[in-house]
Amino acid sequence: MSQALTIEKFTSSEGGSWSNAYLVSGPKEALLFDVFMLRPDTEDLVSKIKATGKTLTHLFISHAHPDHFMGSEVIVEHFPDVKVVSTPNVIGDLNAAGPPILSMLQSKLGPNGPKKLIVPDEIAASKLTVEGEEIEIVEFREGESRHFATLNIPALKSHLASDLVYNEAHCYLAEKRPDAWLDRLNELETFSNGRIHTAYPGHGEPDVPAKLIQKTRDYLTAFQSALGLGDGRAVEQEMLSKFPDYHAKQFLTVFTIPAYFPAK
Ligand SMILES: [Zn+2]
């Protein structure tokens, strides 16, 4: 049975935050986990999904950050029968954060930006199926974002962990919760232990959970100690020199540093 599902990773452009979307496919049907922010990135994703020949049944949104949900309208345009779903907590976050993010991105991105906000429908059950294969919905509380709806696929010992873990990308800390995020990593470690072979991050390559958890921990603790420098530019330089090759640099320079060190 475990061969019945496959997971394919798609990655957006660097300007679209180098975020991941995952297609979980059976022989005929597929579920999309997250979507991209920029219209051209999502159009490209649509062509790749169409090329698989599978019927897209669901778009599952993991959390209320635009690099994971904002392209939903493009998916719905091309796959009008798709069910866009998430958990009540993530939908609550989207209802609160979505409208201001939409208008900010509309003015910033122009034609590459979103036209409207798609709010997912509430998924009542704690499980989904793709062609009879069970997928568990596992929610985590605040960390990088306020809530995370993740998907655990027992038959593949795989966990679509979204932004609970990053791999070789600057962590988005504009919501200023590194402590809570570290707590979530501890929970994720307990959850994964003996259960998960491969964790699929929101940014970067999939790997064994222990590696992704450690890399994310290392970044968060390095950031916490860099904060001791007390100056935005110094913190930014310290993080860039510690993690010179990390992607999504804008998370650090455009979002995190200004959130911690607002311009006077
Ligand atoms: Zn993200």
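I began at Arg217, which lies in helix H6 (residues 209-226). I take helices (H or I, at least four residues) and strands (E, at least two) as DSSP runs, numbered from the N terminus. This is a predicted model, in which local features need pLDDT of at least 70 and side-chain atom pairs count only at pLDDT 80 or more, while totals for chains, interfaces and linings use all residues. Residues are numbered from 1 along each chain as its sequence is written, and side-chain values use heavy atoms, with hydrogens and water left out.

**Arg217.** I looked up its accessibility: Arg217 is at 16% relative accessibility and so counts as buried. Buried means under 20% relative accessible area, exposed over 50%, partly exposed in between (1.4 Å probe, protein chains only). I then listed contacts (heavy atoms within 4.5 Å). Beyond its neighbours within four places in sequence, Arg217 meets Leu182, Leu185, Asn186 and Glu189.

**Sheet.** I traced an open sheet of 5 strands with mixed pairing, in the order S7-S8-S9-S10-S11. Strand S7 (127-130) and S11 are at the edges with a single partner strand each, so one side of each has no neighbour in the sheet. Direction ignored, neighbouring strands are turned by 35° against each other on average. H6 packs on this sheet and touches strand S10 (158-166) and S11. The direction of H6 makes about 10° with that of S10. Axes here are lines fitted to C-alpha atoms, for helices over the stretch in contact, and angles run from 0 to 180 degrees between N-to-C directions.

I checked one pair in detail. Strands S8 (residues 133-140) and S9 (residues 148-153) are antiparallel over 5 bridges. Two strands pair if DSSP finds at least two bridges between them. Phe140 stands opposite Phe148 in S9.

**Zinc ion.** I found protein donors Asp67 (OD), His68 (NE2), Asp163 (OD) and His203 (NE2), 2.0 to 2.5 Å from the zinc ion. Donors are N, O and S atoms within 2.8 Å of the metal (3.2 Å for Na, K and Ca); water is not among the atoms, so sites may look incomplete. The 4 donor atoms subtend angles of 87 to 157°, which makes the arrangement irregular. Their spacing along the chain is D-H-x94-D-x39-H. His68 lies in helix H2 (residues 66-69) and His203 in strand S11 (residues 198-203), so the pair ties together parts 135 residues apart in sequence. Both His68 and His203 are buried.

**Ile49.** I ended in helix H1 (residues 39-52), where Ile49 lies. Ile49 is buried, at a relative accessible area of 0%. Not counting residues up to four places away in sequence, Ile49 touches Leu23, Leu32, Lys54 and Phe79.

Conventions:
Four donors count as tetrahedral if all angles lie between 85 and 135 degrees; four count as square planar and six as octahedral if opposite donors are over 155 degrees apart and all others between 65 and 115; anything else is irregular.
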